[in-house]
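User: Here's the next model to go through. Let's take it piece by piece.

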Amino acid sequence: MEKLILFLKNEFPKDALEIQECIELLSQCIGGSVESIKDAFNKAVDVRDYNKLTTLQELLQTVDEIQIKLEDYTEQLQLDEEIEDEIISVETGEDDTKELPDYESLRVDQKIPYTLYDDYTHKRPAAFEIFGKRHDAKDWKEVFVSTCQELAQKDKTKFESFVIDKTMQGRKVAYFCKDGKGIRSPRKVEGTDIYVMTNMSANQVRNVIGRMLRKFGIKINEYKLFLKADYTARH
């Protein structure tokens, strides 16, 4: 596996980044099942079902082992900063100096909601919805920063705890920091003293938002994304 990962990073870095993003999403989804197992565990305690308690305990251990392995793969797939920046620039359309003549043909219905389980490679956002309110956003950086601001308004203390929460940081990069110099492309979250990293691909933004929602106890399907354009055909 290590040989394959090294080959992908050297020869097909874009594929390596996409695999890394998918693995991180898979890890989050598996992690979400932990809460369900915990609920079942508590119910088993209430009825003194010791056989089920043993089974659930073994399942939790299995989930932990799987996540550790997935995190190891994620770390191994981490690209050099310059290479990752170049790929992200292309995927988010930041390298485009002007819209294409057939831009209208790339537009999508901005009323159609998408979830945090969808793929957003080569797609441009129009807005996001949280707490039942829609917020316009011109790019993925704005989606991320504005979402952070909404969550910080909901619970500033919990949001600021992300700085010291290792599960909310990347293995080699920081997403949240009190010193803007400590992260890539920092943007300060309004109403806090926290800076967030904004140099991320669309799917990386998706993944970090998913982490934040879980920390806030917000169901993933309560957050919606709306798109303005799909550039997939161009690439």
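User: What is Glu84 in contact with, leaving aside its neighbours within four places in sequence?
Analyst: Leu17, Gln78, Leu79, Arg184 and Gln204. Contact means heavy atoms within 4.5 Å. This is a predicted model, where local features need pLDDT of at least 70 and side-chain atom pairs pLDDT 80 or more, while totals for chains, interfaces and linings use all residues. Numbering runs from 1 along each chain as its sequence is written, and side-chain values use heavy atoms, without hydrogens or water.

User: Where is Glu84 placed?
Analyst: In helix H4, residues 81–91. Helices (H or I, at least four residues) and strands (E, at least two) are DSSP runs numbered from the N terminus.

User: Is Glu84 buried or exposed?
Analyst: Glu84 is buried, because its relative accessible area is 3%. Buried is under 20%, exposed over 50%, partly exposed in between (1.4 Å probe, protein chains only).

User: Switching to Asn207. Which helix does Asn207 lie in?
Analyst: Helix H8, which spans 202–215. Asn207 is buried too, with a relative accessible area of 1%.

User: What does Asn207 touch, not counting residues up to four places away in sequence?
Analyst: Four residues turn up there: Glu21, Glu24, Leu25 and Gln28. Asn207, Leu25 and Gln28 are also among the residues lining the largest cavity.

User: On to that, then. How many cavities of 30 Å³ or more does the structure hold?
Analyst: One. The space in the largest cavity is about 40 Å³. On a 1 Å grid over the protein atoms alone, a cavity is a set of points where a 1.4 Å probe fits but cannot get out; a pocket is an open set with protein on both sides within 12 Å along at least five of seven lines; lining residues have an atom within 4 Å of a point. Points join across faces, edges and corners, and volume is the space filled by probe spheres set on them.

User: Which helices each supply at least two residues of the lining of the largest pocket?
Analyst: H2, H8 and helix H3 (50–76). H2 has the largest share, with nine residues.

User: How many residues does H2 have?
Analyst: H2 has 34. From first C-alpha to last, H2 reaches 50 Å, close to the 50 Å expected at 1.5 Å a residue. That expected span is 1.5 Å times one less than the number of residues.

User: Last stop, Arg187. Which strand is Arg187 found in?
Analyst: Strand S4, residues 186–188. Arg187 counts as partly exposed because its relative accessibility is 36%.

User: What is Arg187 in contact with, leaving aside its neighbours within four places in sequence?
Analyst: Lys141, Val145, Ile194, Tyr195, Val196 and Thr198.

User: How many residues apart in sequence are Arg187 and Glu142?
Analyst: They are 45 apart in sequence and 9.7 Å apart in space, C-alpha to C-alpha.
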